[in-house]
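Hi everyone, thanks for coming. Today I'd like to walk you through a structure, slowly, and I'll ask a few questions along the way.

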Amino acid sequence: MTNAVLEAIRTRRVARALTDAPIDRALVEEILKAARWAPSGGNRRLHRFVAVQDPMTIRLLRMASPGMFQRPQAVIVICIDGPRARSFGMLPTAKGVYVDVGTAAQTMLLAAHSLGLGAGPVTSFSRAAVGAILNLPEGLSPEMFICLGYAAPEQPSAIRPRTPVTWQSLSHWERFP
Amino acid sequence: MPSAMVLNEDEALELLAFLITAARTQLDEAAEYGPLRMLTAAGRLADFIAERASPGTRGLLAGPLKELPDAALRAVDPTKYAAQLDVVCRAVGEHLVSHFGSGRSES
């Protein structure tokens with residue numbers, strides 16, 4: 001079975017190398033618009049996004065991000081809004097808050113793919129340093145970068161080789177035996 | 001004779017930031033990222049100094065340091081990964097002797 005959505009899910013890959021070609025702000029905006037539709041627990045919207053296209057700011061973010069292998073043309077920083085989480089009686093460190101980081105990230109990755117962009121998530125960065133670089137207000141915690149650009153033809157190898165994975169190897173039906 | 005400067009302040013700061021922030025991120029991350037971060041830092045340093053280094057050091061950067069094992073090998077065959085890193089380490093050691101001189105004492 002296939003359709004456009006399933007095809008996009010199956011063909012998306014993490015881009016660990018990006019070209020120097022710039023990307024239009026309009027494309028970044030489309031990705032942010034898509035993220036607005038990501039599932040959010042209780043529709044609480046505890047996340048804020050910071051879009052960065054200034055080359056120097058991106059360079060500084062990369063200096064503070066050991067996990068950023070690519071040289072992106074734009075970065076969207078997914079932040080947890082701690083005070084807003086607390087306003088709902090939630091700890092900003094509650095698991096659900098991080099789940100919603102993931103739903104926003106996957107939505108952005110698929111949106112980027114649909115627009116012909118390469119995209120890669122990065123979580124290996126210093127929250128403290130990134131907070132200073134972006135002048136984030138108190139309580140806003142950066143949790144994930146979505147690095148954007150055009151995927152380079154040659155990609156560096158992953159940290160482990162791709163092994164065959166089937167949905168059956170990842171799933172159980174009804175309950176464990 | 002003093003050594004030539006091979007890093008400018010911007011490059012040194014970039015490397016400093018990488019090392020400091022890697023020390024912090026590594027507290028929360030998989031142990032297997034440790035060597036990867038060190039090799040990434042070494043790669044960036046090599047890129048920075050390549051044009052200003054001595055011919056001998058340039059030879060090291062362009063030769064043995066380009067032969068680092070594939071990151072995925074560590075998961076597949078850790079022994080082979082370590083052996084390949086040892087080959088690079090040996091080349092680094094030999095270059096150190098060549099660059100600084102063996103048995104030379106400044107005291």
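Let me begin with a term we'll need: two residues are in contact if their C-beta atoms, placed from the backbone, lie within 7 Å. Please also keep in mind that this is a predicted model.

Let's start with chain B. How many helices and strands does the secondary structure of chain B come to? Five helices and zero strands. Reading from the N terminus, the order of elements is α-α-α-α-α. If you draw a box along the principal axes, the C-alpha atoms of chain B fill roughly 45 × 30 × 30 Å. Chain B has 107 residues, and 10% of them count as buried. Now look at contacts between residues at least 6 apart in sequence: in chain B, 55% of these join residues at least 24 apart.

Next, please find H2(B). This helix has 17 residues, and at 1.5 Å a residue they should span 24 Å. The end C-alpha atoms of H2(B) are 24 Å apart, which agrees with that expectation. Which residues of H2(B) are buried? They are Leu36(B), Arg37(B) and Leu45(B). And what do these buried residues pack against? The answer is H1 of chain B.

So let's look at that pair of helices. H1(B) and H2(B) pack with their axes 10 Å apart, at an angle of about 180°. An angle over 145 degrees counts as roughly antiparallel, and that makes H1(B) roughly antiparallel to H2(B). On the H1(B) side, the residues that meet the other helix are Glu11(B), Leu15(B), Phe18(B), Leu19(B) and Ala22(B). Facing them in H2(B) are Arg37(B), Ala41(B), Arg44(B), Leu45(B) and Phe48(B). Notice that Arg37(B) and Leu45(B), from our buried list, turn up in this contact too. Sorted by class, the contact between H1(B) and H2(B) has seven nonpolar residues, no polar ones and three charged.

Here is a handy thing to remember when you look at a helix: an α-helix has 3.6 residues a turn, so residues three or four places apart point the same way.

Now, where does chain B meet chain A? Here 17 residues of chain B are in contact with 13 residues of chain A. On the chain B side, the elements giving two or more residues are helix H1 (9-25), helix H2 (33-49) and helix H4 (73-76). H1(B) provides the largest share, seven residues. By class, this side of chain B has eight nonpolar, three polar and six charged residues.

Let's move over to chain A. The axes of helix H2 (residues 25-35) and helix H5 (residues 95-114) of chain A come within 8 Å and cross at roughly 140°. H2(A) and H5(A) are therefore oblique to each other, and the crossing is right-handed. From H2(A), the contact uses Glu30(A), Ile31(A), Ala34(A) and Ala35(A). From H5(A), the residues include Ala104(A), Met108(A) and Ala112(A). Across both helices, that contact has seven nonpolar, one polar and one charged residues.

Let's finish with Ala112(A), which sits in helix H5 of chain A. Is Ala112(A) buried or exposed? A residue needs 20 or more C-beta neighbours within 10 Å to be called buried, and Ala112(A) has 28, so Ala112(A) counts as buried. Leaving aside neighbours within four places in sequence, Ala112(A) is in contact with Ile31(A), Leu117(A), Ala119(A) and Leu148(A).

Technical notes: Residues numbered from 1 in each chain as written. Chains lettered and ligands numbered in written order. Predicted model: local features only at pLDDT ≥ 70, side-chain atom pairs only at ≥ 80, totals over all residues. Axes fitted to C-alpha atoms, helices over the stretch in contact; angles between N-to-C directions. Helix = DSSP H or I, 4+ residues; strand = E, 2+ residues; numbered from the N terminus. Parallel < 35°, antiparallel > 145°, perpendicular 65-115°, else oblique. Left-handed = near helix turned anticlockwise from the far one by under 90°. Nonpolar A, V, L, I, M, F, W, Y, C, P; charged D, E, K, R; others polar. Buried ≥ 20, exposed ≤ 12 C-beta atoms within 10 Å, placed from the backbone. Expected span 1.5 Å × (residues − 1).
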